[in-house]
Each structure stands twice: as C-alpha cells, then as structure tokens.
Amino acid sequence: MAEVARPGAEQWVPGGADIATLRDAADACRGCELWADATQVVFSEGPDDAALMLVGEQPGDREDREGEPFVGPAGRVLADALAAAGVDPEQVYVTNAVKHFRFEQRGKRRLHKTPDVAHIRACLPWLQAEVAAVRPRVVVALGATAARAVLGRAVRVGAERGQLLPAPDDGDGAVVVTTHPSALLRLRDRDGWDEAFDALAADLRTAARAAAA
Ligand code: URA
Ligand code: SF4
C-alpha cells in the first residue's frame, strides 16, 4: 500500500472541547500510523480542573491493554514518588505526549519503542487541547519525549530538571521537567535508586508547591 501522508491529529480534535468530549473523539484519531497496531487509545486520567498536570511519553503494554495511563510498572514508581512528595494522586491530571502504544513485536512480547519526533508532533494537538481545557497551573514533563511536546523544543532533562520554566504559550502557567519514572525502573535494587527516586520526588514537590501557590 502506498504511504499516505498524514496531517497529524488536527482534523480529529474538536475545537474548544472539554476533556470528556476530547476523550471520546480520540478513539477515532488516525493522525499517525500508531493507532493501527495498538489495542486502543489511552487518553488521560484525573480531574479536568486539576492545578497539576503530569505528561508521560506514551502508554506501555499494560496501559494499552487497560486503556488507562500509568497503570503498569512505571505507574507504580510514579505513584510512590507522588506519595513521597505529599501529592494526592486523585488531584492530578495524568496524560501522555503520544496516545497510542508504539512497540516492536518480538515473538509474543511487545517491546516498547520510543516515539519519533513525527509521532510527538502528530499527537500534539491532543495535548494542546487538554492544556486548553484543564488550564493547569503547572505541567510536569516526565522525560525527554514529554518535555519536547510540552516545551516545543529538544530538552536535556539532566540540565533543566526541577526548575520552574515558563510555559511556551503566553499564559501564566509553569513547566517542570523531570526524569521519566521508567528510567528509575532500571535502577531498582541498585546503587543510584535512592538518589534518583528522591530527585523525582523533589521535582514533583516543586511542581505541586507552585501549583498550590
Ligand atoms: N509510561 C508512560 O510514559 N506513560 C504511561 O502511561 C505508562 C508508562
Ligand atoms: Fe492520533 Fe496520537 Fe494515536 Fe497518532 S498516536 S493516531 S496522533 S492519538
């Protein structure tokens, strides 16, 4: 089949919509090719008037099957870090930069594959619509993919993490970049876990304080 040029998600994103409407509409998105092999779209979780929004990379294997963000191993790390930061998870709006699971099939296993810049760009209209609907005080970008989507540029997480950065739109929101919780999974029971976990929790605390201020 010939390669079809896809314009991105724009034509599937209803203008000025609330989160419930966006969630329903996202099911039909064909803005890039990732919908075809995924089980379902994974949109978001949490209150649509949250002061704090967390943005991950893309759904993983578990999220793809369950249809909810951060319900797998990375979600466990994130939940622990939110607890350590004193943040009520029920008060947080959680979403991803890319809404369909990108993977490589290896026998029966589906291996996570990092989304390309083209996927981030294609999916961006959903994230922009979510930010417009929720109007959070602070957006936390979990990892480099999320940071690229939220800030619209390449970001070195190590160099910019934990700071209150101005949001790229002209609103009064702030952005905090931090590590992706799945980067911590590789450190479980190893040297470096405590420091990495404490740094993630500290960044989440910075974001939560600014969101509550
Ligand atoms: N990793 C992410 O970035 N998002 C999820 O929802 C799950 C794992
Ligand atoms: Fe649409 Fe995003 Fe899914 Fe691509 S990943 S089909 S742009 S929702």
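How do the residues of the shell around ligand 1 divide into nonpolar, polar and charged? They divide into 4 nonpolar, 5 polar and 2 charged residues.

This is a predicted model, in which local features need pLDDT of at least 70 and side-chain atom pairs count only at pLDDT 80 or more. Residues are numbered from 1 along each chain, and side-chain values use heavy atoms, without hydrogens and water.

**View 1. Residues around ligand 1.**
The shell (residues with a heavy atom within 4 Å) includes Gly56, Glu57, Pro69, Phe70, Asn96 and His180. Gly counts as polar, Pro and Phe as nonpolar, and Glu as charged.

A nitrogen atom of the ligand is 2.7 Å from a side-chain N or O atom of Asn96. The protein buries 93% of the 230 Å² that ligand 1 exposes when taken alone (Shrake-Rupley method, 1.4 Å probe).

**View 2. Helices α3 and α8.**
The axes (lines fitted to C-alpha atoms over the stretch in contact, with angles from 0 to 180 degrees between N-to-C directions) of α3, residues 73–84, and α8, residues 193–212, come within 8 Å and cross at roughly 65 degrees.

Definitions and conventions: Chains are lettered from A and ligands numbered from 1 in the order in which they are written. A polar contact is a pair of N or O atoms within 3.5 Å; within protein, one must be able to donate a hydrogen and the other to accept it, and residues adjacent in sequence count only if both atoms are side-chain atoms. Helices (H or I, at least four residues) and strands (E, at least two) are DSSP runs, numbered from the N terminus.
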